[in-house]
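Thanks for coming. Please have the display open while I talk.

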Amino acid sequence: MGKDAKGGGKGKAKQTGGSEDGGAKGKAKGGKASDGLGTCTYVKARHILCEKQGKINEAYKKLQDGWLSNGDKVPPAEFAKIAAEYSECPSGKKGGDLGWFPRGKMAGPFQEVAFNTVVGATSPPFKSTHGYHIILAEGRKN
């Protein structure tokens with residue numbers, strides 16, 4: 001009976017092929033698609049950043065009143081106007097445009113939302129270490 005239990009040792013041999021696990025160490029820098037955030041490597045996005053939750057909620061209300069509550073997508077040019085008015089990030093002057101950025105460049109929650117927001121969609125407000133954000137995802141590529 002005990003001999004059959006040895007068959008479980010086969011799993012260990014397979015793990016040698018998993019030497020790719022070394023990539024987990026580099027996850028903080030630029031973990032690849034294994035981090036569960038989809039398969040794209042780059043996202044193009046705009047955002048609005050506010051230190052105070054009340055201010056980000058005001059900006060989001062404008063987006064809701066203009067488009068989101070009707071089920072419409074926010075046009076990037078309109079998002080840019082609201083970003084220029086509300087965002088406290090230097091990118092606000094450029095309509096919140098962050099351009100293309102790779103996985104691993106942005107802080108945890110920001111990256112997670114950016115890589116999980118469908119292209120053309122606007123995220124609800126969320127908190128990161130920098131304050132409160134709203135993201136408009138504009139593109140994805142590998």
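**Starting from Thr117**

Thr117 counts as buried, because its relative accessibility is 9%; buried means under 20% relative accessible area, exposed over 50%, and partly exposed in between, with a 1.4 Å probe and protein chains only. Before going on, the ground rules: this is a predicted model, where local features need pLDDT of at least 70, side-chain atom pairs count only at pLDDT 80 or more, and totals for chains, interfaces and linings use all residues. Residues are numbered from 1 along each chain as its sequence is written, and side-chain values use heavy atoms, with hydrogens and water left out.

Back to Thr117, which sits in the loop between α7 (108-116) and β3 (126-128). Helices (H or I, at least four residues) and strands (E, at least two) are DSSP runs, numbered from the N terminus. From Thr117 to Ile135 is 18 residues in sequence and 8.0 Å in space, C-alpha to C-alpha. Setting aside neighbours within four places in sequence, Thr117 is in contact with Thr122, Ser123, Ala137 and Arg140, where contact means heavy atoms within 4.5 Å.

Now the whole chain. There are seven helices and four strands, and the order along the sequence is α-α-α-α-β-α-α-β-α-β-β. Of the 142 residues, 35% are buried. Among contacts between residues at least 6 apart in sequence, 66% join residues at least 24 apart.

Ala45 is in strand β1 and counts as buried, because its relative accessibility is 0%. Leaving aside neighbours within four places in sequence, its contacts include Gly96, Leu98, Phe101, Ile135 and Ala137. Glu51 lies in the loop between β1 and α5 and counts as exposed, because its relative accessibility is 56%. Beyond four places in sequence, Glu51 is in contact with Glu88 and Tyr132. Its C-alpha atom is 8.9 Å from that of His133, 82 residues apart along the chain.

Next, the helix pair. How close do the axes of α5 and α6 come, and at what angle do they cross? The axes of α5 (residues 53-66) and α6 (residues 76-86) come within 11 Å and cross at roughly 160 degrees. That angle makes α5 roughly antiparallel to α6. Axes here are lines fitted to C-alpha atoms, for helices over the stretch in contact, and angles run from 0 to 180 degrees between N-to-C directions; over 145 degrees counts as roughly antiparallel, under 35 as roughly parallel, 65 to 115 as roughly perpendicular and the rest as oblique. On the α5 side the contact is made by Lys55, Glu58, Ala59, Lys62 and Leu63, and on the α6 side by Phe79, Ile82, Glu85 and Tyr86.

Last, the cores. A nonpolar core is a set of buried Ala, Val, Leu, Ile, Met, Phe, Trp, Tyr and Cys residues joined through side-chain atoms within 4.5 Å. The largest has 15 residues, and Ile48, Leu63, Phe79, Ile82 and Ile134 have the most contacts inside it. At least two of its residues come from each of β1 (42-50), α5, α6 and β4 (131-141). A second, separate core has nine residues, among them Cys40, Phe101, Ala114 and Phe126. Phe79 is in contact with residues including Ile48, Leu63, Val74 and Ile134, neighbours within four places in sequence left aside.
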